[in-house]
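Q: I am new to this kind of picture and would like to learn how to read it. Could we go through it together, one feature at a time?

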Amino acid sequence: MLYLEQAQHYSESELILLLTQQSETAFSYLYDHYSGALYASILSIVNNQEAAADTLQEVFIKIFRQIHSYDSSKGRLYTWMLNIARNAAIDTTRSKGFQKTQKNQALSENVYDLAGSAEIKTDFIGLRKLVHGLKPEWRVLVELSYFEGYTQDEIAKMLDIPLGTVKTRLRAALKELHKLIKE
Amino acid sequence: MNTQEYIQSGIIESYVLGMASSAEVAELEQLCLQYPEIKKALNDFELALEANALSKAVTPPPQVKKQIFAALQSNFVENENKAAENTKALASPLNEMMVVKMNQPSRFLAAASIILLVISGGMNIYFYSKFKETTQQYQALVLEKNTLQANNQIMQTKSLDMFNSMQMMTDPNMQKVSMPGITGKEANYATVFWNLKSKDVYILPNKLPQPANGKQYQLWAIVDGKPVDAGVISDCAGLCKMKNIPSASMFAITLEKLGGSETPTLSEMYVAGKVG
């Protein structure tokens with residue numbers, strides 16, 4: 001039985017077709033295949049297992065409900081799902097209930113300090129772990145934009161850096177991140 | 001354009017990670033259609049990101065999947081296996097109980113509708129029998145009405161005949177000839193009305209026995225001592241019109257064979273009367 005399940009494999013286009021037909025089997029496969037990756041990405045933003053699990057649940061329900069709006073000509077299914085997960089995770093960190101629990105844990109101080117000081121968080125996972133390998137002036141930008149969801153405008157004001165500089169540095173940081181991902 | 005420079009600009013990473021502005025997104029999507037190398041670079045980064053993420057996956061708590069599938073259960077389109085499962089589930093006693101477990105208002109409504117159906121059925125039978133009965137009564141009434149109407153018409157005709165007879169009898173030109181029963185037949189009596197102007201003869205058979213089968217009364221006028229046929233008396237109301245008789249000294253009635261005779265059978269004479 002286990003062998004059979006492992007042997008079952010869909011091409012991405014097959015999987016998408018079955019998902020748009022609301023197939024339970026295909027959705028189960030999607031979950032089994034991608035929940036770990038998406039959970040890790042949510043966890044890297046939320047950094048709280050309970051909240052991350054809730055967010056993951058929300059994300060998969062969203063994926064199921066919005067599969068019709070996915071356009072394969074614009075990118076891969078995982079990219080689309082990752083963006084849903086990232087947005088949902090950022091929303092979670094911004095919710096009132098979540099911020100209360102984080103305060104109790106005395107973790108949320110100045111975003112900049114938090115992003116800049118590697119000592120506070122040592123248990124980063126996934127992409128965030130890679131981001132922590134970047135040099136500090138890049139790392140802070142990726143932290144604020146990708147993991148915290150601030151716009152480049154907001155970051156420029158927050159850090160008192162020209163918007164052009166934020167843009168250039170961020171692009172350079174992402175290129176470096178690309179290299180680290182490939183390694 | 002220099003596609004390599006564009007690819008190296010970091011815009012692709014920015015796009016994939018959802019950090020590009022809407023203008024940048026539109027530009028990249030447009031360029032992907034134009035330049036396959038840009039599309040390839042995009043796809044390469046997506047694959048690398050996905051592979052990295054899959055390799056560093058963290059298994060979520062097992063209840064998450066259960067919760068998701070429970071929440072979406074009603075949304076999945078059933079395949080054949082599921083349909084079979086459902087059939088099985090329906091047959092199980094647990095589900096039977098669920099079928100029986102209706103809420104209170106539904107049970108009340110179901111009971112009420114069954115009772116109403118039974119009452120309605122009973123009323124249908126009752127009304128149908130009533131309907132049949134009434135139809136029969138109606139048909140009997142129609143028949144009776146027709147009979148009464150026919151009788152009424154007969155009465156009207158008779159009454160009109162009587163009126164006409166009375167008019168004739170009281171005509172000043174009308175001569176009345178009484179014909180009492182002859183010797184041996186004194187109980188009988190008939191009257192002839194003779195219009196002296198038109199010479200028409202009418203008979204009123206006041207009292208004559210019912211003629212035997214195949215027999216008919218015949219009126220005779222005695223002209224110059226000889227009997228002249230004045231017609232047979234048929235069943236008529238009031239006065240019966242007879243033959244025209246220009247002159248006569250006497251009238252008599254005999255019982256003859258049906259249709260009358262040439263000469264009177266004198267032995268069968270019932271009544272006779274002189275004119276004047």
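Q: Which residue forms a salt bridge with Arg76(A)?
A: A salt bridge here is a side-chain nitrogen of Lys or Arg within 4 Å of a carboxyl oxygen of Asp or Glu. Arg76(A) has Glu50(B) as its partner, with the closest N and O atoms 2.8 Å apart. Between chain B and chain A the count is four salt bridges. Please keep in mind that this is a predicted model, where local features need pLDDT of at least 70 and side-chain atom pairs count only at pLDDT 80 or more, while totals for chains, interfaces and linings use all residues. Side-chain values use heavy atoms, without hydrogens and water, residues are numbered from 1 along each chain as its sequence is written, and chains are lettered from A and ligands numbered from 1 in the order in which they are written.

Q: How is the size of an interface given?
A: Often as the accessible area lost when the parts come together. Here buried area is that loss, found with a 1.4 Å probe and summed over both parts. Between chain B and chain A about 4,100 Å² is buried, and carbon and sulfur atoms give 62% of this area. Leu17(B), Met19(B) and Glu50(B) supply 14% of what chain B buries against chain A, more than any other three residues.

Q: How many residues does each chain bring to the contact?
A: Contact means heavy atoms within 4.5 Å. By that rule, chain A brings 48 residues and chain B brings 44 residues.

Q: Which strands pair with strand 2 of chain B?
A: Two strands pair if DSSP finds at least two bridges between them. Strand 1 (residues 174-180) of chain B runs antiparallel to strand 2, joined by seven bridges; there, Ser178(B) has Thr191(B) as its bridge partner. Strands 2 and 3 of chain B form a hairpin with five residues between them, and Lys199(B) in the turn has a positive phi of about 70°.

Note on methods: Buried area = accessible area lost by both parts, 1.4 Å probe. Helix = DSSP H or I, 4+ residues; strand = E, 2+ residues; numbered from the N terminus.
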